[in-house]
Amino acid sequence: MNLGKVVGTVVCSSKNDGISGARYLLIDKTNQRGEKKGDYLVALDLIGAGYNEMVLITEGSPSRETPLTVNKPFDALVVGIVDLIDENNKVIYRK
Amino acid sequence: MNLGKVVGTVVCSSKNDGISGARYLLIDKTNQRGEKKGDYLVALDLIGAGYNEMVLITEGSPSRETPLTVNKPFDALVVGIVDLIDENNKVIYRK
Amino acid sequence: MNLGKVVGTVVCSSKNDGISGARYLLIDKTNQRGEKKGDYLVALDLIGAGYNEMVLITEGSPSRETPLTVNKPFDALVVGIVDLIDENNKVIYRK
Amino acid sequence: MNLGKVVGTVVCSSKNDGISGARYLLIDKTNQRGEKKGDYLVALDLIGAGYNEMVLITEGSPSRETPLTVNKPFDALVVGIVDLIDENNKVIYRK
Amino acid sequence: MNLGKVVGTVVCSSKNDGISGARYLLIDKTNQRGEKKGDYLVALDLIGAGYNEMVLITEGSPSRETPLTVNKPFDALVVGIVDLIDENNKVIYRK
């Protein structure tokens, strides 16, 4: 999984995603300290991640593996909101 | 998912895709403001995206997850036409 | 999907691919105008693409989605022979 | 599969992963001699890999192929703890 | 599929791969002429590829599509030992 921060939203009208109420977030990928990389992707959010929160993102086929996304054409999903990251036994990110 | 703009079409005769009437679009990937990157891919379109429209693209295995593409050998699909993108609470793209 | 030109063939003896008569093509990826990039891959061909023809290639899991490749360990497949590509309403490649 | 070393952990509260007790490790990818690349990812660990251990990581859809991760939205999994690597008939890494 | 040469082996003790007797090879990717790129990966081998042999490698989800690897967490598999490659009608690699 990769890390990123929520920086915005993407609104689509004509859709072919087979899901109603899908919320697409604009995510800027971050390193493990939460610093943005300027590397953007669009991910489906089903857990209500808020603006500027750091999230854990699953990409590719496993994105479909939640009750709501089974057999749906999504390739990026927010799977968790990050609370804390430690590296070399030091806390390097805290929500 | 990634963002891109429709810049053209690709026509194939001999095909092995198991679908009739498939429409292949030439897509130039864009950043979140709709600026083209010169990074091209070919995606299947089933929703009628038009020339120069900004679209949301799913890549890889999830591209098969629509009624028409189930068990078909596509690895890129247009899943939505983008209406609006906001970043840091400002609208940065509007159709 | 990506674009490429057929530049050669790859012959394997000991195989673990569960398919007889598989033909592996050496493909050089191209841009949308058919110019080679020097970025090679090996793809399975089931439609008889010829030397120097421009083809449409599906990569990853969807490569298995044809009657002959179902549940076979291929990650790249020729899905079509390209006849024509237009970009910005101009024909930029013709077979 | 790729190689990496365990450098930390990632803790999430709100989750959409359908698994309780999942342990997310912060992994720094390494070359075959165990030298870190500064290329980080977050992987699920079910075998108890410890701090600074070199591990083998599966990415993408196959990460779901263990009894605990079947049909779960993970795209990276620790599949083994590396004991020894040889290259050109010389041992280049030993745990 | 990609090309590579067998340069070593990787031995793991604690494993979560659900397969006994799996043999992990250290592979250095090569170009079509068999020249090493210094780009390493670890692949499962079930056909007995030997040291310095050039092999064809499938990556990602299709790696599971052999009788022994069905529903196992592997993302790279040796699918063939390369005998011969021709490019532009000249033999550029022979075992």
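**View 1. Lys15(B) is the bridge partner of Gly80(C), a residue of β5(C).** Strand β1 of chain B (residues 2-15) pairs with β5(C) in the antiparallel sense, over six bridges. Two strands count as paired if DSSP finds at least two bridges between them; strands are DSSP runs (E, at least two residues), numbered from the N terminus. The model is predicted, so local features need pLDDT of at least 70 and side-chain atom pairs pLDDT 80 or more, while totals for chains, interfaces and linings use all residues. Residues are numbered from 1 along each chain as its sequence is written, chains are lettered from A and ligands numbered from 1 in the order in which they are written, and side-chain values use heavy atoms, without hydrogens and water.

**View 2. Chain C buries about 2,300 Å² with chain B.** Carbon and sulfur atoms give 52% of this area, which is the accessible area (1.4 Å probe) that the two parts lose on being put together, summed over both. Met1(C), Pro62(C) and Glu65(C) supply 29% of the area that chain C buries against chain B, more than any other three residues.

**View 3. In chain C, 28 residues are in contact with 28 residues of chain B.** Contact means heavy atoms within 4.5 Å. On the side of chain C that touches chain B, β1 (2-15), β4 (54-59) and β5 (76-87) of chain C are the elements that give two or more residues. β5(C) gives the most, with eleven residues. By class, this side has 14 nonpolar, eight polar and six charged residues; Ala, Val, Leu, Ile, Met, Phe, Trp, Tyr, Cys and Pro count as nonpolar, Asp, Glu, Lys and Arg as charged, and the others, Gly among them, as polar.

How values were computed:
Helix = DSSP H or I, 4+ residues; strand = E, 2+ residues; numbered from the N terminus.
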